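Notebook open. I want to look up how the parts of this model meet.

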Amino acid sequence: MSNSISPLMLKRNIITILRTNKWLLLRRFSQFSILGLYLLGSSLGGFWIIKGNLSSSLLLETIPLTEPLLLLQMFAAGITSPLSTTLIGAAIVGGFYLLVGGRVFCSWVCPVNVVTDVANWLRNRLRIKPNSQINRNTRYWLLAMTLVISFSTGLLAYEFINPVSIIHRSLIFGVGFASLMILSIFLFDLLIATRGWCSHLCPMGAFYGLLGKFSPLRVRAEQREQCQKGCNDCFQVCPEPQVITPALRGADKGNNPTILSGNCTNCGRCIDVCPENVFQFGLRSSTKTPIIPIEIRRKNS
Amino acid sequence: MSSLSNRKRRAFLLGLAKTACGVSLTALGISLYTRQAKSMPALAIRPPGALPEDEFLSRCVRCGLCVQDCPYDILSLAELGTDVPVGTPYYTARTGPCEMCDDIPCVPACPTGALDHSLTKINQARMGLAVLVDQEECIAFQGLRCEVCFNVCPVQEKAITLEYRHNERSGKHALLIPIVHSEHCTGCGLCEEACVMEEATIKVLPMHLAKGELGKHYRLGWDQKEKAGKSLVKPDGKRAFNLPEGVSYDYENSELTTPASSAPPVNKALETLKRGIKEAK
């Protein structure tokens, strides 16, 4: 037997790899190109495509963008008359994520996601099983905390330690000690808690999760009848596996095949890995699917 | 059955208590940290138009738009582990002072108003105050010609003026002493950068360190007199001045009067003394 792979085989392999990693690759492309645009600065003949950082930016030198959670913290800190640029910027960003899914920020934009995804990949590779159990609702407590400490100190207090904004800022304006912050989040997710930061603690993720409760763009378990129970590939790759169950396994209860939880990050990894092509992106349907008795469904299929 | 639900309730309450405890401790930690971290080091200066520090930190989202719009690249965002609150903009006068652009591009760039957009004339900026901190070393006080701070000052001949003083050492030269006027100084730091000394003897300090303040209860007599248009105290009463014979003091016009037909005063000191002793008896 020869070890050489024929060009045709190679081509097929590449196509398969691309197809089964489509959304992952698109997501990485999105994350890195957004960072790249910030880093590009004014090198395009003095024109800034985007300047600032994720806390607040100026797009195409005209459109203001502001992190809506920061506006809420500003209100909590006692700013009663924010500038109209702040309000417009927060409305644009908030409106965008309201449409495409709040946590699209987490999986398509946030640079920390790359760090925690790598940690997750390595943890699976090394078969490390962290034993810390953090409640997934801790993030909502921390979200409330960001507002409470803004109120009690009168400052945007969470920004003194917010790893997400510190890391993104450092990538644009100079890394320094922020590299240690990247390392600590990496090690935390690798050794201490599975998907610890993004899926359990990050208050920004919690905020966008609440925003995503109303988003029309959702992942749908459209072909859930095709699901080979016991394969669990989707649960393995999902950063928020609890969101899949109601849609995928809820046909008997008459559940909508749409993944409704705002905590779904619309990363599309489940779409990539499912061998039966159960999942696809689609619009939220509010109508409940009629309950079809199992026997009838069996006959039909 | 009931013990199962009891156990569940216990687990739930315990979990709740754990989370609440952890989050509260985090909140406490952050609050204490911000208290310590929000004090700016004296030589870090905020960009023009920055609100008072506490208000600034309740608005600044640390986006760096002011930094990117500064044409002279003097602003930086504080890195983690420095004394300036992380991610907030500042500059250091000695290494890169504010160049005082006419259009102040950093101010309108601020999306939240942490830099006050009502500042449109750079001469009205008050980023700090230049202070001649070391009069022992400043070579102008040695009688040497320098005046570099005076010459580079962008608010020329207003924020820094030169005062002539007699040079006691040589006895025949002048000292040209730079004097800063807080009424006009913007705190840009061009003087600190230009100072020829190894360590600058003129430095921009934050207002609260640079300025003194008179006690609220103080009233300066001459100010009050000017406001009232007249003296606020009663005119002097008649007092026994030890004046030469025939000379008297005019209270109203505050001057000495001598009799019109006065002969030169005769020294009758001994007689006066004797008379005084007699009167005392």
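**Entry 1: chain B against chain A**

I looked for salt bridges between chain B and chain A and found 1. I count a salt bridge when a side-chain nitrogen of Lys or Arg is within 4 Å of a carboxyl oxygen of Asp or Glu. B:Asp69 pairs with A:Lys51, with the closest N and O atoms 2.4 Å apart.

I note that this is a predicted model, where local features need pLDDT of at least 70, side-chain atom pairs need pLDDT 80 or more, and totals for chains, interfaces and linings use all residues. Residues are numbered from 1 along each chain as its sequence is written, chains are lettered from A and ligands numbered from 1 in the order in which they are written, and side-chain values use heavy atoms, with hydrogens and water left out.

Next I looked up the contact (heavy atoms within 4.5 Å). It joins 37 residues of chain B to 41 residues of chain A. The buried area is about 3200 Å², and carbon and sulfur atoms give 71% of it. Buried area is the accessible area (1.4 Å probe) that two parts lose on being put together, summed over both. On the chain B side, B:Arg62, B:Gln68 and B:Leu80 supply 18%, more than any other three residues.

**Entry 2: two domains of chain A**

I turned to chain A, which is divided into domain 1 (8-211) and domain 2 (216-300). These bounds come from an automatic or database domain assignment. How many residues does each domain of chain A give to the contact? Domain 1 gives 22 and domain 2 gives 19. The area buried between these domains is about 1600 Å², with 43% from carbon and sulfur atoms. In domain 1, A:Trp23, A:Arg103 and A:Arg136 lose the most area to domain 2, together 32% of what that side buries.

I found 3 salt bridges between the two domains. I also looked up A:Arg103 and A:Glu240: their side chains meet in a salt bridge at 2.6 Å, N to O.

**Entry 3: helix α8 of chain A**

I checked helix α8 (residues 163-173) of chain A, and 9 of its 11 residues are buried. Buried means under 20% relative accessible area (1.4 Å probe, protein chains only). A helix here is a DSSP run of H or I with at least four residues, numbered from the N terminus. Among the buried residues are A:Pro163, A:Val164 and A:His168.

What caps the N-terminal end of α8(A)? A:Asn162 does, with a side-chain oxygen 3.0 Å from the backbone nitrogen of A:Val164. After α8(A) I found A:Gly174, whose phi is positive, near 120 degrees.

Terms used
Buried means under 20% relative accessible area, exposed over 50%, partly exposed in between (1.4 Å probe, protein chains only). Helices (H or I, at least four residues) and strands (E, at least two) are DSSP runs, numbered from the N terminus. A polar contact is a pair of N or O atoms within 3.5 Å; within protein, one must be able to donate a hydrogen and the other to accept it, and residues adjacent in sequence count only if both atoms are side-chain atoms.
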